Amino acid sequence: MKKCAVITGITGQDGAYLAQLLLSKGYRVVGVVRRSSHYGVATHRLDWLGITDQVELVDGDLLDLGVLCRIVRDYKPDEVYNLAAQSFVKTSWAQPVLTAQATGVGVVNVLEAVRLEAPEARFYQASSSEMYGLIQEEKQSEKTPFYPRSPYAVAKLMGHWMTVNYRESFGMFACSGILFNHESPLRGLEFVTRKVTDAVAQIKLGKATELAMGNIDAKRDWGHARDYVRGMWMMLQHDVADDYVVATGRTVTVREMVNVAFAHVGLKAEDYLRIDPQFFRPAEVDVLLGDPSKANRILGWEATTTMEEMIREMVDADLARHSAGGA
């Protein structure tokens, strides 16, 4: 029989790539989606990958435990991937309560649904490198102390520790992937990499004249979402449930990333870049650099796409979108 996987957040970047990966491995893929007035638009990432008709979408919400229990009871999944969250750091300061509920309490609801209705299922929680915040070690591993610097990061930390707690308290096969920044052409426009590649494409096509940015000296460890969802799947195939850092082990500044994007279309960043104070965070995370050695050693996972390759792919995708009149 086919393995069945339930994915919350299936219409997001990671959910779409994960669904594509699982379908390629013969899974039955069920996606939990929030009903909204723009329901049809929400599947555009699945449409872009050409897999919308291959997945089963079911209405649900992380804050509705009863519905989550029904979904898990009806589908009896072998694997559950919780990727849904209020995932934009900037928004978390404007909507801290919503972020705490969706990104923190929502994890508890999914864990409870699995514990009550399919306790043998394997569970994956999408943790975040933002939990490290004010970094306590130069390179962050699974043993590095956390110091979250945003409501989003605090909520993610709650979900992370709840996953550990359910594993240790109830014997559930529950893993957390502490994923460092990972991007792709499917990334939302509110995230810095896609903001940059989209602006570069528009500037190249004569549709925009500048790129307004905040702290371009912040450093991030950037990888490709395709590589990172493979790491999620590998965690749930291992014999023992555990937590893993998923990262490239290389950090670069936002400035360097911007330069790569502009250079790809034959332009110089300094001719179009403008620093705007409104884009600075209330509490900045200056440097993130992951240590993926545990995932390398135990799972055999490693990143295969460089930051430069990823940014060039994103710029090309945005050029194609805007040339075709899309957004």
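How many disulfides does the structure hold? The structure holds 0 disulfides, a disulfide being a pair of cysteine sulfur atoms within 2.5 Å.

## Model and conventions

This is a predicted model, in which local features need pLDDT of at least 70 and side-chain atom pairs count only at pLDDT 80 or more, while totals for chains, interfaces and linings use all residues. Residues are numbered from 1 along each chain as its sequence is written, and side-chain values use heavy atoms, with hydrogens and water left out.

Cys4 takes part in no disulfide, and the nearest cysteine sulfur, that of Cys69, is 16 Å away. Cys69 is likewise in no disulfide. Buried means under 20% relative accessible area, exposed over 50%, and partly exposed in between (1.4 Å probe, protein chains only). Cys4 counts as buried because its relative accessibility is 6%. Cys69, with a relative accessible area of 9%, is buried.

## Sheet

An open sheet of 7 strands runs in the order E3-E2-E1-E4-E5-E6-E11, with parallel pairing. Strand E3 (56-59) and strand E11 (243-246) stand at the edges with a single partner strand each, so one side of each lacks a neighbour in the sheet. On average, neighbouring strands of this sheet are turned by 20° against each other, direction ignored. Helices (H or I, at least four residues) and strands (E, at least two) are DSSP runs, numbered from the N terminus. Two strands pair if DSSP finds at least two bridges between them.

Strand E4 (residues 79-82) and strand E5 (residues 122-128) pair in the parallel sense over 4 bridges. Within this pairing, Glu79 has Arg122 of E5 as its bridge partner. Helix H6 (residues 151-170) packs on the sheet and touches E5, strand E6 (173-179) and E11; its direction makes about 150° with that of E5. Contact means heavy atoms within 4.5 Å. Axes are lines fitted to C-alpha atoms, for helices over the stretch in contact, and angles run from 0 to 180 degrees between N-to-C directions.

## Nonpolar core

A nonpolar core is a set of buried Ala, Val, Leu, Ile, Met, Phe, Trp, Tyr and Cys residues joined through side-chain atoms within 4.5 Å. The largest one has 39 residues, and those with the most contacts inside it are Ile7, Leu18, Leu22, Val29, Tyr81 and Tyr124. Helix H8 (residues 225-237) supplies the largest share of this core, 8 residues. Leaving aside residues up to four places away in sequence, Leu18 touches Ile7, Tyr81, Leu83, Val229 and Met232.

## Salt bridges

The whole structure contains 16 salt bridges, each a side-chain nitrogen of Lys or Arg within 4 Å of a carboxyl oxygen of Asp or Glu. One of them joins the side chains of Arg167 and Asp243 (2.9 Å, N to O). Arg167 lies in helix H6 and Asp243 in strand E11, so this pair ties together parts that are 76 residues apart in sequence. Both Arg167 and Asp243 are buried.

Arg194 and Asp318 also meet through their side chains (2.9 Å, N to O). The pair ties together parts 124 residues apart in sequence, because Arg194 lies in helix H7 (residues 192-204) and Asp318 in helix H11 (residues 307-323). Arg194 is buried at a relative accessible area of 6%, and Asp318 is buried at 0%. Arg194, Asp318 and Arg321 are linked in a network of salt bridges. A further salt bridge joins Glu313 and Arg226 (3.2 Å, N to O). Glu313 is partly exposed at 24%, and Arg226 is partly exposed at 36%.
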